[in-house]
Amino acid sequence: MKYAFTSFSCPNRDLRSMLAMAQEYGYYALEIRSGARHAHGIELGLDQKSAADIREAFSASGISLHCLSVSCHYSDPTTVQANVELTTAYIGLAKELEAPFLRVFCGIIPQGLPREAARERIVAALQQLASVASAAGITLVVETHDDWSSPSEMAAVMAAVDHPAVGVVWDVMHTLRGGGSSMEEAYLLLKPWLRHVHIHDGLLDLSKLTFMPIGHGEIDHVPVVRILMEEGYDGVLTGEWLNWEAPDIHLPRELATMRKYELSLCDKAK
């Protein structure tokens, strides 16, 4: 299976340092969080030379820029148009850097707004953006997150959008912790639109986001690996660890754990 990590693992490292770590530890790709003041320099407003230098750095390293990740969201009627315009700009950046995916959110439902009205707002925004993304050769991937962690709720959004340029990021922590769904149930509901996966372990307590090493928290990744292997998933699994341990501690350890799960499941299948 193919693994990546987000720039949240090392927000103070420049791009070449991140690429060197990905090479050293055996990762396939990076997921770059843009708009969060990370040191990688991949932000809106890049001039042509800077964009070319970034593309060359990825090419020379053999590491893929798999996904550009942003915080654009569409559930709030007071901010949806601004977020649509910002997403459009990020689609242009993803195209220039040859990143196939742009991660976005549905967003938090404003107090007093019915879920149905929020869903309609999200669907309309994503349908508007789908044609822009499609023309650019980019797929928008919407993460199971916030008030849309439930895989059934996300599936309802996807079914209404109904466009090949819009898919899902399955965050395996959020569908369990916030959505209350087993890994098997979440996968079956999201399968038609699944394009990308986020992995990380931690506690189910909703009052505080707590990360733990994979295999030591309450998010069992063994069924995730089993399901994806059985289903022939050919995408990337990205470790998303926000401002956690030093990268030289958790990046090699978490990848080794996931590889161990793969090996164990392959041995059992023999």
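What is the accessible surface of the protein chain, and how much of it belongs to carbon and sulfur atoms? About 11600 Å², with 51% on carbon and sulfur. Those areas use the Shrake-Rupley method with a 1.4 Å probe, and for residues only the protein chains shown count as cover.

Ground rules. This is a predicted model, where local features need pLDDT of at least 70, side-chain atom pairs count only at pLDDT 80 or more, and totals for chains, interfaces and linings use all residues. Residues are numbered from 1 along each chain as its sequence is written, and side-chain values use heavy atoms, leaving out hydrogens and water.

Overall form. The protein chain has 9 helices and 10 strands, taken as DSSP runs (helices H or I, at least four residues; strands E, at least two), numbered from the N terminus. The C-alpha atoms fill a box of roughly 45 × 45 × 35 Å along the principal axes.

Packing. Take contacts with a separation of 6 or more: 79% join residues 24 or more positions apart. Contact here means heavy atoms within 4.5 Å.

Now the cysteines. How many disulfides are there? The count is 0, with a disulfide being a pair of cysteine sulfur atoms within 2.5 Å. For cysteine 72, the nearest cysteine sulfur is that of cysteine 67, 12 Å away. Cysteine 72 counts as buried, because its relative accessibility is 1%. For cysteine 106, the nearest cysteine sulfur belongs to cysteine 72, 13 Å away. Cysteine 106 is at 2%, so it counts as buried.

Note on methods: Buried means under 20% relative accessible area, exposed over 50%, partly exposed in between (1.4 Å probe, protein chains only).
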